[in-house]
Every structure is written in C-alpha cells, then in structure tokens.
Amino acid sequence: IIFIILTSGFNYDNSVQKVPSYMLDKMYSIDGKYGETEDINLKDEISQEEYENTIEGIEKFVLENHVLFDSISRQDFSKDCKKAIQNEKAHTIIDTQMECKRLISSLRQGHFGISNDYYTEILPIRFMKFKDGYYIYYSDNYKDVTAAKILDINGVPIKKVIEKVSKYFYGENKIFTETNSMRGIMHYDFLKKENIVNGEKVQFKLEKNGKTYKDIGFENIHEVKKISNITINPLDKICIREKLFYLQNKNDSLIIHFNSCTENDQYSINKFEKELNQNLKTNKPLKIIIDVRFNTGGHSYVYSPILKEIALYKLQNPEIKIKLLIGNLTYSAGGEACINTMRNIDNIEIIGTESSSSINNTFGINNVFYISSIKSICSYGDTLIRSDYTIQDLYNHNYRNYDLDENMLTPDFHAEQSFADYMIGNDPAMNYALRDEGDNSLIDRIKNLKK
C-alpha cells in the first residue's frame, strides 16, 4: 500500500504527534501535490517496544488533547490502553493499526478516529442493508451471488458479524457504527482478528429466489485492488448522489435534494440559493420536501441560505407543508441542518429512518495527530460543541424526534427501502412525503364542493 507523506520537514520519528495546522489544507486537498510517497508492507513486524510506545503515545495524547469523554471515562480509556500494552506477541503494522482503531473507537465519537483504512486482503463482494436484510449488490466475477441475501459468514449470523467488527469503527450511535462496520466486513483482516475466519476460505450462507445456499466459498486471494465488478443496476435511482444539491418539481411539490454541505466550482451555494428563490416564485409549491438522507456533512454555513429561503417562503405561505427526509447517512453538518430546520420552522414532518447524526455534545474535525509506527492519521477534537435543547424545541414539539438515550434523530414516520424497492427504484419515504393530504372524507369533499 502507498502512504502519502505530507511534507518535507515533518518529524516522522516521534511515536504520536499533532499535525501542524499549516499542513491541514495539504492533507485534505484533493488536487494537492505531495512531495513524497512511501511503499508500506502492512505485514511488516514492529518491535514490542515500538508497539508499547505507540499505545502509550496514543493514551497520553488523547488524555491531554481530546475534549469529550462521554461514552467511556478517561480512567477506563487509560485502563484499556494499559491492558493492550500487556499483549506480548508478534505485532505487524496492520494488527497494530486494528488495535489502535479498537481503542480509539471505544470513545464512540464519529469525528474521532483513524482515517486511513488499511487492509491486506479484501473479499470479492459488496453489500448494503435494507429493511429486509443484507444483500450483495455487486461482486468480482461471482455472478451467481449478486442479489443474494447474506444469512451468515462461517456459521456466524450476519448481525453478530457486524457486532463483532463494529468495535473497530467509530460512531456516536448504533446507526452510524453499523453503517461504518459494513465496509469493515469486506476486509479479511477484521474477520480474522475476530476469529470469524481462520483459513483460506470464507464460507457464506446465502438466500436467493427463496432458496438457501450453504457453504458458498470465496477463496481468500483478493489483494487490495479496485474491484472489477458485476453490478446490479436498479431500474431507477432515487437520488443522483453525484450532485451536491439540486431541485426537482413534482406536481405541486418542490423537492430539494441536499446531498452535501460542501460546495465546489461546479456547485455553488450562492447560485443554488438564487435558483431556489426563482423556483419558489415561479412554481409556488404547496409542499416542500427537503431530502438530506445522503448528506454526510461538510460545513454548517452551506445550508444556511437554503433554510433562509424556505423559512421566508413558509412565512409568506403559512398553509404549505414542509417534509424532511432523513436516513442512516445523515450525519454531522447534515444532521445539524435537520435540527436547525426543525427549530426554525413549525410543523415539520420527519420521514425516513434513524439518522447517524449525533444530537448530544460533539465536536468538529478541526485537528489531527499522526501515529508513526502504523503510518496513520487520526482526527480528534479540542473544541466542544454543546447541544442545548430549550423551550423552542418543546414549543415546536421537536422533542419527539430527539432520541437522547440512543443519541440520534428519529422520524415521525418510518419508511425504508426493501431490496425489491431498491431494484425497481421505489422510494417509500419519498412516496409518503408526496402523498395527497387533501380532504379524504366524503363530508369534507361535499363541503368543499359547496364553497
């Protein structure tokens, strides 16, 4: 695997150290030109001393610099680190990184974790979660398994596999952790670490077309590479996710697909604000649907002009209906956009599934540190963002959408795709949002005819 060296002059010998602020733009730049790269063999061993220095360095740095310990105490985090140090065996880079991921993920915070996804081997399939289970949606040269439902891996039920792997993936709530964990199952290293696999084959139990197939084996020969895949193509897509944001008019409804709280040369929030303003004036919709199901975050300021336009239109047209669509990918600034919408506009109906976004205290990605032995970068927070739920939330009845125990947003109406829905492009959440909410009773219709 190739690791990117950020800049010359950075001291890579220190076990754990903060990445200077002047290097952050270079780190997160898509088109940035880096001075050097280094080939890494993830199966290379590191000494016991270096392993101990790595764990101790992480413990010391996190305790001194990270601000939020709400899922685990500082004392318990320190105990876990000291326990990990006692593990005296041969340590490789990949094994050590997985152990570091486990320790850091114990804080259960979605903005705090190792960003480098290293793995030595990868399974030849990809899958997604639907209302009725976990389905393979593409594979590498295994045509017969596409569209199959996964029941277990090596005799371990798929939900239990996700539970085991989830300890290496960070997230404030169970929705975000599970969403992240699904990609980890494709990495053979995590399955091996949890003793789910221990040989050359990974045995799957699958269900397809009403039939159950046992012992579907995949030879563990897939090195890290881009999958040349056999893909299931749905008849229709419910969202064009390549677009950061776009509008869609359907009958008397305006759908605002807000897929990202970021902007670039092609997608400007100022231009989109003007487009939205003109659409509202021209089409005068009776219903506005804000779809943030695929919005994983970005910058909070990006959504503010859109909320302003919606709030103003609602003020001028109090009879219109506002629908907000959320899902398991709604996170960070995407979740904040939801909460700000709920707080500033009355009588919003929330539709979809539970969100990944935190509703309790959190922090943004504003700092990172470097772990030299595993060539990894980890984000952390030194500024706390407090969530203060006050009388405005009670007044607007938004408290019903705050699951404070599970730390997530919940919908008023649960609507989720089944695998069959996915295949034909059916969107239960959007269908419900677009439903006719006119007078349904015969008496009301007769009254309206006499007006």
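## The chain overall

Keep in mind that this is a predicted model. The chain has 451 residues, and 51% of them count as buried. Its secondary structure comes to 14 helices and 23 strands.

Among contacts in the chain with a separation of 6 or more, 72% are between residues 24 or more positions apart.

## The four-strand sheet around S20

Let's start with an open sheet of 4 strands, ordered S2-S19-S20-S6, with antiparallel pairing. Strand S2 (16-18) and S6 stand at its edges with a single partner strand each, so one side of each has no neighbour in the sheet. Helix H2 (residues 48-65) packs on this sheet and touches S2, S19 and S20. The direction of H2 makes about 30 degrees with that of S2.

How many of the residues of strand S20 are buried? The count is 5 of the 5 in residues 376-380, so S20 is largely enclosed by the rest of the structure. Ser 376, Cys 378 and Tyr 380 point one way from S20, while Ile 377 and Ser 379 point the other way, and all are buried. In other words, burial applies to the residues pointing either way from this strand.

With strand S19 (residues 367-371), S20 pairs in the antiparallel sense over 5 bridges, and Asn 367 stands opposite Tyr 380. S19 and S20 form a hairpin with 4 residues between them, and Lys 375 in that turn has a positive phi of about 50 degrees. With strand S6 (residues 113-114), the pairing is again antiparallel, over 2 bridges; here Gly 113 has Ser 379 as its bridge partner.

## The six-strand sheet

Next up is an open sheet of 6 strands in the order S14-S15-S16-S17-S18-S23, with mixed pairing. Strand S14 (245-250) and strand S23 (413-414) are at the edges and have a single partner strand each, so one side of each is left without a neighbour in the sheet.

Inside that order, strand S16 (residues 287-291) and strand S17 (residues 321-326) run parallel and are joined by 5 bridges. Asp 291 stands opposite Leu 325 in S17. Helix H8 (residues 269-283) lies across S14, strand S15 (253-258) and S16, running at about 10 degrees to S14.

## Positive phi in two loops

Most residues other than glycine have a negative phi. Asn 154 isn't a glycine, yet its phi is positive, at about 50 degrees. Asn 154 sits in the loop between strand S9 (149-153) and strand S10 (156-157). Buried or partly exposed? Asn 154 has 27% relative accessibility, so it counts as partly exposed.

Ser 332 also has a positive phi, near 55 degrees, and is a residue other than glycine. You'll find Ser 332 in the loop between S17 and helix H10 (333-344). With 22% relative accessibility, Ser 332 counts as partly exposed; the cut-off for buried is under 20%.

## The largest pocket

Rolling a probe the size of a water molecule over the atoms shows where empty space is left. The largest pocket holds about 1,600 Å³ of space. Its lining has 47 residues, of which Met 128, Arg 241, Phe 294, Asn 328 and Leu 329 lie nearest its centre.

Which helix gives the most to this lining? That's H6, with 8 residues. Strand S7 (125-130), strand S8 (133-139), helix H6 (174-185) and helix H13 (428-433) each supply at least two residues. By class, the pocket lining has 21 nonpolar, 13 polar and 13 charged residues.

## The cavity

There's also 1 cavity of 30 Å³ or more, with a volume of about 40 Å³ for the largest cavity. Its lining consists of Tyr 51, Asn 87, Lys 89, His 91, Asp 95, Thr 96, Glu 99 and Lys 193. Helix H4 (residues 93-105) gives the most to that lining, with 3 residues. By class, the cavity lining has 1 nonpolar, 3 polar and 4 charged residues.

How values were computed. Residues numbered from 1 in each chain as written. Predicted model: local features only at pLDDT ≥ 70, side-chain atom pairs only at ≥ 80, totals over all residues. Heavy atoms only, no water. 1 Å grid on protein atoms, 1.4 Å probe; cavity = no way out; pocket = protein on both sides within 12 Å on 5 of 7 lines; lining within 4 Å. Points joined across faces, edges and corners; volume = space filled by probe spheres on them. Nonpolar A, V, L, I, M, F, W, Y, C, P; charged D, E, K, R; others polar. Buried < 20%, exposed > 50% of the residue type's maximum accessible area, 1.4 Å probe, protein only. Pairing = 2+ DSSP bridges. Contact = heavy atoms within 4.5 Å. Axes fitted to C-alpha atoms, helices over the stretch in contact; angles between N-to-C directions.
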